[in-house]
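Here is a friendly briefing to read with the structure open beside you. Take a moment to look it over, and then follow the points below.

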Amino acid sequence: MSEDLLVQRPEGLYCPAGDFHVDPWRPVARAVITHAHADHARRGHGAYLAQADGAGVLRARLGDITLQPLAWGEAVDIGGVRVSLHPAGHVLGSAQVRLEHRGQVWVASGDYFASAHADERNPTCPPFEPQRCHCFITESTFGLPIYRWRRQAEVFAEIDAWWRANAEAGRASLLLGYSFGKAQRLLAGVDASIGPIVTHGAVESVNEAYRAAGVALPATQTIDALDKAALSRALVVAPPAVHGSAWARRLGDYADAFASGWMQLRGARRRQGVDRGFVLSDHADWPGLQRAIVATGAERVLITHGYEAVMVRWLCEQGLDADSFRTEYGSQDGEPA
Ligand SMILES: [Zn+2]
Ligand SMILES: [Zn+2]
């Protein structure tokens, strides 16, 4: 009899053998956390275990928690289950959780980045590392064939050209992206020689955690540090909530843009009410998901958040044992994508 290493419980994914949860959405005694996005790392757990690089962001968001940080690949024994964390390539410290018990290996992916272009990676964290396992629990945020990311260099060439044109026209470039993960990826990818870079406070506090973890980001300034002339040439990186706010109006004349995987959807830019949309995601696209799943060698695959039905059908067609897990990921302030 093989036993399932992770099962669905009302409070989240639960490991019966080790008596702990992975990314639970209700308070539990012991939580293993894949990454510090709000829908995966919630308040109120008795003890947290997470990858060390993400500890700073986790503490900044959740306050004074009981946290055991783990290095990449370091293994701990929890109730007889060997638990280790492996890079997911999604944001700083984002990990896949590998569980091993009585010869069975299960991996819960959390969110991860893998693109149609096999050599592409998120430069702000170590790349997704497939783990061989019997059962792979995968996200599927962009699990539809329409989602195929272009090369990042092409997207950043467009962002740079947009910023340069705005600077020449004497208006600021307000670039909106989720404050943890997307904003740092934008900062790491743009050509910082075009002009000064301003960040919103919500972005800058996360930047500090990235820099403390050794991630190189260009120099950034506060909005107050620049005069009107300098602001008119600046790239301003801020969270989506800043759109149309009093803070944004302080920029004077500006153009705005939104960077997200959702910008691939027809009409998404218009609904967001921004001048431009750049398709840039920290999640796997459809070919990336397929390649990542195949690379695990898993015969059983469980799908968490995203387009579950389409992915389950594709996996079953490949002869795999596939099913979906009902989770609450992506439900709290939307999935940062
Ligand atoms: Zn995430
Ligand atoms: Zn997620």
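## A residue to begin with

S324 counts as partly exposed because it has 17 C-beta neighbours inside 10 Å. On this scale a residue is buried if 20 or more other C-beta atoms lie within 10 Å of its own, exposed if 12 or fewer, and partly exposed in between, with C-beta atoms placed from the backbone. This is a predicted model, in which local features need pLDDT of at least 70 and side-chain atom pairs count only at pLDDT 80 or more, while totals for chains, interfaces and linings use all residues. Residues are numbered from 1 along each chain as its sequence is written, and chains are lettered from A and ligands numbered from 1 in the order in which they are written.

**More about S324**

- S324 sits in strand β18, which covers residues 321-324. Strands (E, at least two residues) and helices (H or I, at least four) are DSSP runs, numbered from the N terminus.
- Which residues does S324 contact, leaving aside its neighbours within four places in sequence? They are L302, I303, E308 and V312. Two residues are in contact if their C-beta atoms, placed from the backbone, lie within 7 Å.
- H283 is 41 residues from S324 in sequence, and their C-alpha atoms are 18 Å apart in space.

**The whole chain**

- The chain holds nine helices and 18 strands.
- Its C-alpha trace spans about 70 × 45 × 30 Å along the principal axes.
- The radius of gyration of the chain is 20 Å, which agrees with the value near 20 Å for a compact globule of 337 residues. This radius is taken over C-alpha atoms, and the globule rule is 2.2 Å times the number of residues to the power 0.38.
- Of the 337 residues, 47% count as buried.
- Among contacts in the chain with a separation of 6 or more, 61% come from residues 24 or more positions apart.

**Two domains**

- The domain assignment gives domain 1 as 7-147 + 282-324 and domain 2 as 152-278. Such bounds come from an automatic or database domain assignment.
- Where the two domains are in contact, domain 1 supplies 18 residues and domain 2 supplies 16 residues.
- On the side of domain 1 that touches domain 2, there are nine nonpolar, six polar and three charged residues. Here Ala, Val, Leu, Ile, Met, Phe, Trp, Tyr, Cys and Pro count as nonpolar, Asp, Glu, Lys and Arg as charged, and the others, Gly among them, as polar.
- The C-alpha centres of domain 1 and domain 2 lie 29 Å apart.

**An open sheet and its helix**

- Six strands make an open sheet in the order β1-β2-β3-β4-β5-β6, with mixed pairing. Two strands pair if DSSP finds at least two bridges between them.
- Which strands are at the edges? They are β1 (7-9) and β6 (67-70), each of which pairs on one side only.
- From one strand to the next, the twist averages 30 degrees. For such angles, axes are lines fitted to C-alpha atoms (for helices, over the stretch in contact), and the angles run from 0 to 180 degrees between N-to-C directions.
- β1 and β2 (residues 12-15) run antiparallel and are joined by three bridges. R9 has G12 in β2 as its bridge partner.
- Helix α1 (residues 55-62) packs on the sheet and touches β5 (47-51) and β6. The direction of α1 makes about 160 degrees with that of β6.
- D23 belongs to the loop between β3 (20-22) and β4 (30-32). D23 counts as buried because it has 24 C-beta neighbours inside 10 Å.
- The phi of D23 is near 45 degrees, a positive value in a residue other than glycine.

- β8 (residues 81-87) and β9 (residues 95-101) pair in the antiparallel sense over six bridges. The bridge partner of R82 in β9 is E100.
- E100 is partly exposed, with 18 C-beta neighbours inside 10 Å. Apart from neighbours within four places in sequence, E100 contacts R82 and V105.
- The C-alpha atoms of E100 and V83 are separated by 6.7 Å, although these residues are 17 apart along the chain.
- β9 also pairs with β10 (residues 104-108) in the antiparallel sense, over five bridges. H101 has Q104 in β10 as its bridge partner.
- β9 and β10 form a hairpin with two residues between them, and R102 in the turn has a positive phi of about 50 degrees.
- Is R102 buried or exposed? R102 is exposed, with 10 other C-beta atoms within 10 Å.
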